[in-house]
Amino acid sequence: MRIAVTGSIATDHLMTFPGRFADQFVADQLHTVSLSFLVDNLDVRRGGVGANIAFGMGQLGTKPILVGAAGSDFDEYRAWLDRHGVDTESVRISETLHTARFVCTTDADHNQIGSFYTGAMSEARLIELKTVADRVGGLDLVLIGADDPEGMLRHTEECRSRAIPFAADFSQQIARMNGDEIRILLDGATYLFSNEYEKGLIETKTGWTDEEILSKVGHRVTTLGSRGVRIEQAGHDPIEVGCPEEERKADPTGVGDAFRAGFLSGLAWGVSLERAAQVGCMVATLVIETVGTQEYQLRRAHFMDRFTKAYGHEAGEEVRVYLG
């Protein structure tokens, strides 16, 4: 099963300031703020929802096709993804813009000052999925993740016009989208991904009820944080899957992307929706135990031991076939 993952490609530059931002501001001079913080640490991490999801799928051996836009500074990141089983040949490289970048400084009170540079991400709207499909011999599913909004709309319309099944996954972009845009992006999706808060926001912005949305998509996949995930389909009982026990809680960033990576890999293998959701929850658990969205290691024996403990021997034996 050939799955293309469209979405943002970015790097995070995370710094730590040992003092308190509040101590540096003068109340009657806030209209002329000019500050420079001497930071202790700089942590550069690979990110972007498209790249995070594709990385996880690559770890599981399902050879995802990453579709997005990056800058000429993408070479090192590309090499990293290539080494981890991701097809990066359909990433558009901008001639003028850098790869999208998030720069953030956190103080001793965990307050943050950050900036997000969209950069080359804005060129995702120039990518044609037909070119991608022709290169790989067709696409069985396209995940349309958070990216340049115009690019998301173009990919959705192209999937419809070419009868390519697609999964709608707005995540961070839902805040800036209006009801009309959201209705376009979800109508006819084979899968609609969101967390619980986004689920309510989708219903509020579109004006559609939960039942109306279920009638317009194949499956509604709602992540429930520590409670796992719920999968709904019109006319069927919902499927609910819990999370494996965590060994520690390090950083929740990228957990949703990790779930999608595992779930989509399960679809690529052809296992049931319940089993695919279990794989997704297992990968998500590995990420929450690690600082960074692509810093976890998927060690096969360790993964299978924990997966079997959480979901039983039969589930473990079925998944073991695909992990090798």
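I began with the second largest pocket and found that β2 gives the largest share of its lining, 4 residues. The model is predicted; local features need pLDDT of at least 70, side-chain atom pairs count only at pLDDT 80 or more, and totals for chains, interfaces and linings use all residues. Residues are numbered from 1 along each chain as its sequence is written, and side-chain values use heavy atoms, without hydrogens and water.

Terms I noted: a pocket is an open set of points on a 1 Å grid over the protein atoms alone, where a 1.4 Å probe fits, with protein on both sides within 12 Å along at least five of seven lines; lining residues have an atom within 4 Å of a point. Strands (E, at least two residues) and helices (H or I, at least four) are DSSP runs, numbered from the N terminus.

Second largest pocket. I recorded at least two lining residues from each of β2, β3 (41-47) and β6 (100-106).

Largest pocket. I noted a volume of about 930 Å³. Of the 41 residues lining this pocket, Gln 172, Gly 254, Val 255, Gly 256 and Asp 257 lie nearest its centre. Two or more lining residues come from each of β2 (10-16), α1 (49-59), α8 (255-269) and α9 (273-288). I found the largest share, 5 residues, in α8.

Conventions
Grid points are joined across faces, edges and corners, and a volume is the space filled by probe spheres set on the points.
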